[in-house]
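These are my notebook entries on one structure. I record what I looked up, entry by entry.

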Amino acid sequence: MTRPVVVATAATKRYGEVLGLNGFSAEFGPGITGLIGPNGAGKSTFFRVLAGQLHLDAGTMTLLDRPADDPVRSNHEVGYCPESPTLYEWMTPEEFLRTLLRLDGFEASEARRRCQNALGEVDLLPVKDRRLSGFSRGMRQRVKIAQALAHEPSVLLLDEPLNALDPIGRVRLLELFGRIAEAGRHLIVSSHVLYEVERLTDQIVMMTNGRAIAQGDLHQIRDLIDSRPHTVELTTPQPRELGRTLAGWEHVTDVAFPRPDTVVAQTRTPDEFYRSLGELARSGTIAVQGVRGVDDNLEAVFRLLAG
Amino acid sequence: MTISAPRYELVGTSRESRSRRVWVITTEGLRRRLTGLNLVLIVLGALIVGVEVVLFTTPGIAGFLNGGGSPQLSNFATPYNSVNYLILATLLTASIGAGAIAGDVATRSIALYLSRPITTLDYLVGKGAAVGLVLVLFFLVPGVAACLFAYFVGNVSGGLALTAMGAFVLVGLVMVVLFTTLALFLSSLTRRPIFAGAAIFGVLVSAEVLAALVRSVTQSVQALYVSPLEDLLAVAQSVFGVTPAIDPLGALGVVFGISAVTALVTYLRVLEVEVVG
């Protein structure tokens, strides 16, 4: 039997006049799913509803088949890393994690063991006895991730988890997320920096203005948008000739010359464009040294879908 | 388009009971109040209250400290002869209880509580217990200490000292219930602990001033019911065998009524708390 981990159906959350979620409907499968959207898209609102911290005004949201508004039952299964730098400043990381693990219902000895493991995962064991109030943003981010991991939940909700981390820290955490997913747990990872998510997973949900605008495999999403304007960057020693030829094609809507050896064309029918380009290359009249579909980049996909 | 999903498995782990988790909230709240500047404040507060109670109580029993006179329970009631002691208690409650909920909301650490498998009631009981246990230091311990002092130093029988101790404990518990529920309620109304603290002190003292004004205008003692401090005073005096200005049972009803209503409203209020921003 197959079933999604999280299901949102017409989920709506209002903040006064502002819509945090606007009929958000999406399914999040197992493994790692990226939640992509610009700042203010509603990603944090979505996570907070799942963590039982916000109440929906309309629609439903379920997590592992349970209503999200039943935090006592659901929160055993959820590890939530909020975006805001929420910590108990007067504690050390060890005290902080142990307190939260005790709130999760673990006995003192078990809490201590899990605390050590989680702090080790995020490389914070050397500073486990320092006060959190003196921690840098990156260290605080790692503490937040540790508290989300420590009770080994089935589902991890990570709201912009890579914010403020140095490059090495990012790589280590990306590897850690991969290991967690391989262990059979599920992660929903939000970001507005698209290449981060691209390195983690092909499964994505894209949202903007509180609505899901696409979901599924990144390549499937590309198929969905193939009928929309598509940008191709061509490298050539004959930019003027190539530009003139491309401009004559019916399916090319725009031609630009960003660099002396580069022509950027926009087309509404990429299949036809690539067929014509192949014929042009075979004819040998114009040399085309490089072809790069700009839309292969996740960011471009989002820009297209978000309009 | 949907994502094909293999089966997921729930992680089975034995967990401690809810009451143990509530105790974790309480101990965390106590730790927070018993470190650094908070600890200094509490120690100072306890010392001031302790000294005040003992000083108030000692003159009452002074007559038989050297073996003279016949001590009675009412001799121990001196802290409750006026509202001065209760106003000091209000000040201490304002400084201790103001941040109970407002502090969590202000620092957004409430987000971490709410992301754990606990209910709103668990959270409130835990927070209330943390505030209440500190208030016990102020409202129960000094009275008990005064009784022990009287027993060991003065000509007070063990039975009377024990009875007086019980009276201090009884009155202290009523005070803890009222001040704790009121502190949690006012702390739940704002994100700023300092506002909550001002509200705790302001509400109780304003009610006291209002009651005194109305009483002086109308010449009716019934006006005193308006002030929770006067109600507490009436209950305390009655317990110590002193005739209060107003009916102590009615006053107790007002105290418990205020406690029950504020507790209910706090619960409903926190139920609606959302972590935004």
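**Entry 1: a strand of chain A**

I found that E11(A) and strand E14 (residues 290–293) of chain A pair in the antiparallel sense over 4 bridges. Two strands are said to pair if DSSP finds at least two bridges between them; strands (E, at least two residues) and helices (H or I, at least four) are DSSP runs, numbered from the N terminus. Within this pairing, I noted that A:Gly293 of E14(A) stands opposite A:Val232.

I then looked up another partner of E11(A): strand E13 (residues 262–267) of chain A runs antiparallel to E11(A) and is joined to it by 6 bridges. There, A:Thr235 has A:Thr262 as its bridge partner.

How many of the residues of E11(A) are buried? I recorded 5 of 6 for this strand, residues 230–235, and it is thus noted as mostly covered. Buried means under 20% relative accessible area, exposed over 50%, and partly exposed in between (1.4 Å probe, protein chains only).

**Entry 2: the basis of the values**

I noted that this is a predicted model, in which local features need pLDDT of at least 70, side-chain atom pairs count only at pLDDT 80 or more, and totals for chains, interfaces and linings use all residues. Residues are numbered from 1 along each chain as its sequence is written, chains are lettered from A and ligands numbered from 1 in the order in which they are written, and side-chain values use heavy atoms, with hydrogens and water left out.

**Entry 3: chain B as a whole**

I counted 11 helices and 0 strands in chain B. Chain B has 277 residues, of which 49% count as buried. Contact means heavy atoms within 4.5 Å; among contacts in chain B between residues at least 6 apart in sequence, 74% join residues at least 24 apart. The chain exposes about 12,000 Å², and carbon and sulfur atoms supply 69% of this area. Accessible areas come from the Shrake-Rupley method with a 1.4 Å probe, and for residues only the protein chains shown count as cover.

I looked up B:Thr26 in helix H1 (residues 18–33) of chain B. Is B:Thr26 buried or exposed? B:Thr26 counts as buried because its relative accessibility is 1%. Leaving aside residues up to four places away in sequence, B:Thr26 touches B:Val125, B:Gly126, B:Ala129, B:Ala130 and B:Leu133.

I next looked up B:Val40, which lies in helix H2 (residues 36–62) of chain B. B:Val40 is partly exposed, because its relative accessible area is 45%.
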